[in-house]
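Take a look at the fold below.

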Amino acid sequence: MKITTIIVRTLIGLFLLFASITYFFPITPLPVFSGKMKIFVDGIGATGYLMTLAKWVELLCGLSFVSNKFTRLFAVVLMPVSLNILLINVFMIPEGTPIAAILFLGNVFVMYTNWNSYKEMLKA
């Protein structure tokens with residue numbers, strides 16, 4: 001189980017690092033969206049900060065997962081981001097759903113492996 005945790009955590013971290021670095025340093029062409037997704041992306045872009053904030057969160061979470069420092073904290077921080085990525089893909093661009101599901105389930109797995117750390121936080 002320990003080796004599986006290391007592999008999942010590292011792969012998620014590398015994916016998050018790749019996603020955030022390619023946003024800040026565009027080394028791959030940006031995808032062209034249409035329909036609802038274009039409206040959504042244009043709206044996020046119009047805020048001037050929201051996508052940059054999300055990519056900074058991804059970068060910090062990716063660094064945390066790869067280095068195994070503050071992983072429990074950043075797994076919690078990543079949960080709403082990964083859930084939002086999953087839901088955006090499910091409802092707007094279904095062809096991206098498998099990758100988004102892997103990210104979300106990997107985050108759930110990392111949180112599950114550290115579940116004892118969250119018990120105190122979840123007490124009423």
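In which helix does E58 lie? E58 belongs to α3. The model is predicted.

**E58.** Its relative accessible area is 5%, so E58 is buried, given the cut-off of under 20%. Beyond its neighbours within four places in sequence, E58 is in contact with L16, A19, S20, V81 and I85.

**The core.** The largest nonpolar core has 16 residues. Those that touch the most other members are I12, L16, C61, F65, A75, L78 and M111.

The largest share, six residues, comes from α4. L16 touches E58, C61, G62, L78 and L103, with residues up to four places away in sequence not counted.

**α4 against α5.** These two helices pack at an angle of about 155 degrees. Their axes are 9 Å apart. The angle is over 145 degrees, so α4 runs roughly antiparallel to α5. Their crossing is left-handed.

Which residues make the contact? On the α4 side they are T71, A75, V76, L78, M79, S82, L83, I85, L86, N89 and V90. On the α5 side they are T97, A100, A101, L103, F104, N107, V108, V110 and M111. By class, the contact has 15 nonpolar residues, five polar and no charged.

Note on methods: Residues numbered from 1 in each chain as written. Predicted model: local features only at pLDDT ≥ 70, side-chain atom pairs only at ≥ 80, totals over all residues. Heavy atoms only, no water. Core = buried A, V, L, I, M, F, W, Y, C linked by side-chain atoms within 4.5 Å. Buried < 20%, exposed > 50% of the residue type's maximum accessible area, 1.4 Å probe, protein only. Helix = DSSP H or I, 4+ residues; strand = E, 2+ residues; numbered from the N terminus. Contact = heavy atoms within 4.5 Å. Axes fitted to C-alpha atoms, helices over the stretch in contact; angles between N-to-C directions. Parallel < 35°, antiparallel > 145°, perpendicular 65-115°, else oblique. Left-handed = near helix turned anticlockwise from the far one by under 90°. Nonpolar A, V, L, I, M, F, W, Y, C, P; charged D, E, K, R; others polar.
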